[in-house]
Every structure is written in C-alpha cells, then in structure tokens.
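Here is a short briefing to read alongside your structure. Keep the model open as you go through the points.

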Amino acid sequence: MIDLGTPAPVWQRFVAALAHAVAVGASDLHLKAGARPRVRVDGRLQPAPLPPFDADELEAVVARGLPQAAAAGWAAGEADFRLVLPDVHAGRFRVSALRADGGPALAVRVVAATVPDADELGLLPVVRDLAALRSGLVVIAGRVGSGKSTTCAWLVDRINATQAATIVSVEDPIEHLHHDKRGYLVQREVGADTASFATALRHLLRHDPDVVVIGEVRDGDTARVAVTAAQAGHLVLATVHADDAPGAVDRLVGLLPAGERPDGRRDLAGTLRAVVAQRLVERHGDRLRVLAQEVLLGTGRVAGTIAAPIDGPPLASLIDAGDHVGMCSFDAHLAAMVAAGALTAGEAMAAASMPSDLALRLAGGRLVPSA
C-alpha cells in the first residue's frame, strides 16, 4: 500500500497525466487499474503514452484528492468531486470515481480556464439573446459531453457582465468558477456546501436571487422547484439529459410522479421560455467538432402543445414552423452549416435527426411544416 504520509510519486504521476491531457486538448482523462490511461480528444478516445496505475495507486490518488464531504459516497463505491490544482492549466478538474472489477476507475473532466466566447462556441444568435431574459425557464439539453455546461456557463457569464443581478447556482460539482462583474454570484456545490440538490433548492429562493442556475435536473423534486422558481418571477437556467428539444420537455414532465404530470405540464407550459438542445458534430477533415443546436421557444402554440399534447401539433413541427421567430431544428442548423462550408453534406447527414428531411433541405427543397 502507498504511505500517504510521505511524498507520493504516485500523485506526481497523476498530476503529470492531467498535464498531458491538457497539453493534447483532451476533454477527459480515463484511468483504470492495470490499464493504459486514455484521453478523449475531439470526442475520440485514444491511448495516452503513460504507464498504467495499479489499484493501490489509484486508491491513493482518490484518498488524497477526495474531500471529506464525498468520503461516504466513496465508501459506498462512487464519488464525484472537483480538484483544484493551480499549477496545471486553470487548475480545475471534475472527477468521477467508482469501483469496478475490484479496483478504482476515474474519469477526469478538464474544466476550461475561461468561458469561451459565443463565436468560439458557435452559439446561434437566438441563444445569445436568451441572456437578456429576466424571468422564466431556460433549459439546455443534450447528451453527456455535448457542451451543455459550457453553454449554460456562457449565459451566466453574459448575465453577470451585463446585469446587476444576484445569481445563485447549485452544481454537482462546480465546474466553471465565476467572479463577480456587474452581477453578484453565489455558487453552491452539492456535497461540499449543501447535502443535496433538493435541500439547496428548498432554501435557495430565500436568498433573493434574480437568476437561479441548476446544474442538472435529475429528479422530480428538482424539476418541480425549477418550475416553481420560474413561476415566482426568477430566471431559471437548467440543464437536462435529452437528445432533442421535444425530448427535453418529455424528460422534465416524465421526472414527475404520474399523478402530477397533467398539472406539471400546465405549469411548465406557463413558464418555459426556451429549450436549447445541442450536439457536437464530427468534422473529419481536421478532426474537430462543431456545435449544432436546436431551439424551441415558448410561444403560445408551443405552450398549448406542452399543456395538452394530444390536442396540439407535435413540437417538432412547431420548431420547423417557427423559424421566423428564431426557432431552429437540428436539421435546419446542419443544412445552414453545410451551406456555409462548416460541414460537408456527409458529416451533416451522419448527425441528422431525420436524414430524409435533411437530404431534401440540401437538395434545395423546403419542408412544409404540418403545424
């Protein structure tokens, strides 16, 4: 076993592995007992030129980096926590540790030193405009690794720079650390600053927030509080795991107990201002990825379908019909990127929601919405 009371070369190797991940532009570093470390660069997992760690060494790494608040979770086999290492990059990493096959496995996310600007991210103009909202619910949706947290961080940074607003976040863990500009920020981390999302959100509205940021909506309690905060006149920014904008709406409703869903739909319909869904699309020529977005805005017709989906047109049709107010489907955004030369037709087709519809767009046809 490693003696944690003496200088640990194992920790130095771990820090060197993080430095390598940063140097090659990786989003994540993966470590598993007995296996060669791997890094994810532009969405692709690849071996790193580093020796493997054994189980005892990874236990020592977790023991040194684990905050006391996460100790109980690790004793049960899982822990999520952040690391602050000022000598490496921006010094901020998000660690997900678990035990598998009898030994530790770590996935370490590299947190960007600063929030990229809107042009660098590739945000649609309508998404940038959401930072001017003063109330309602804005949902950022996507799969793991689609950049949800970064888009949410850009909105927070923009609000912080332009509004004298109190911004209170609940995150697990904190990724992007914000500093007061015009705004006043209070960032709370689950495990370190509060016991749970539910506990933090019950007290949050007493802290006089203008803007509420929820790192991830994972359960019915969190979904309910997000909508309640928006009903109370706050601007709520939240992320959720979903493939597209209609799926995000279904996800929020589906987190509620069955008996609460009809009322939940009506409450959501009355507060939702926008859903922004994201995908990172592979560009094979330079092995980079570009951001494709889908935007659903909370118009009257959208609210009607959310409240009573059987009586209204599908949300996907409303997105296609709403391009004049800024709504945009994934396929419409992909077609625009092909026209601008940012993607080839093949790259866009590989990421399309409806390849046949995208093919029609690329051929110069125009979809006729059913709404």
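Thr-239 is buried, at 4% relative accessible area (buried means under 20%, exposed over 50% and partly exposed in between, with a 1.4 Å probe and protein chains only). This is a predicted model, in which local features need pLDDT of at least 70 and side-chain atom pairs count only at pLDDT 80 or more, while totals for chains, interfaces and linings use all residues. Residues are numbered from 1 along each chain as its sequence is written, and side-chain values use heavy atoms, with hydrogens and water left out.

**Around Thr-239 and the cores**

- Thr-239 belongs to strand E11 (residues 235-241); helices (H or I, at least four residues) and strands (E, at least two) are DSSP runs, numbered from the N terminus.
- Not counting residues up to four places away in sequence, Thr-239 touches Ile-140, Lys-148, Cys-152, Ile-214, Gly-215, Glu-216 and Val-217, where contact means heavy atoms within 4.5 Å.
- The largest nonpolar core has 81 residues, and Leu-137, Ile-214, Leu-237, Leu-268, Val-275, Leu-296 and Leu-334 touch the most other members. Such a core is a set of buried Ala, Val, Leu, Ile, Met, Phe, Trp, Tyr and Cys residues joined through side-chain atoms within 4.5 Å.
- Another core, of 30 residues, lies apart from it and includes Val-39, Leu-66, Phe-81 and Phe-93.
- Leaving aside neighbours within four places in sequence, the contacts of Leu-237 include Cys-152, Leu-155, Val-213 and Ile-214.

**The six-stranded sheet**

- Six strands make an open sheet, ordered E3-E2-E1-E6-E5-E4, with antiparallel pairing; two strands pair if DSSP finds at least two bridges between them.
- Strand E3 (44-47) and strand E4 (78-84) are at the edges with a single partner strand each, so one side of each has no neighbour in the sheet.
- From one strand to the next, the twist averages 20°; axes are lines fitted to C-alpha atoms, for helices over the stretch in contact, and angles run from 0 to 180 degrees between N-to-C directions.
- Helix H1 (residues 9-23) packs on the sheet, where it touches strand E1 (28-32), E2, E4, strand E5 (92-100) and strand E6 (103-110), and its direction makes about 40° with that of E6.
- Helix H2 (residues 55-65) lies across E1, E4, E5 and E6, at about 50° to E6.
- Four antiparallel bridges join strand E2 (residues 38-41) to E3, and Arg-40 stands opposite Leu-45 in E3.
- E4 and E5 pair over seven bridges, also antiparallel, and Arg-82 has Arg-94 in E5 as its bridge partner.

**Helix H11**

- Val-302, Thr-305 and Ile-306 are buried in helix H11 (residues 300-307).
- They cover an arc of only 100° around the axis, which puts them on the same side of H11; the arc is that of the directions from the helix axis to the C-beta atoms.
- Helix H9 (245-254), helix H10 (261-271), strand E12 (272-283), strand E13 (288-297) and helix H12 (315-321) pack against the buried residues of H11.

**Two aspartates with positive phi**

- Asp-42, in the loop between E2 and E3, has a positive phi of about 50° although it is not a glycine. Its relative accessibility of 24% makes Asp-42 partly exposed.
- Asp-208, in the loop between helix H7 (197-204) and strand E10 (211-214), has a positive phi of about 55°, again without being a glycine. Asp-208 counts as exposed at 59% relative accessibility.
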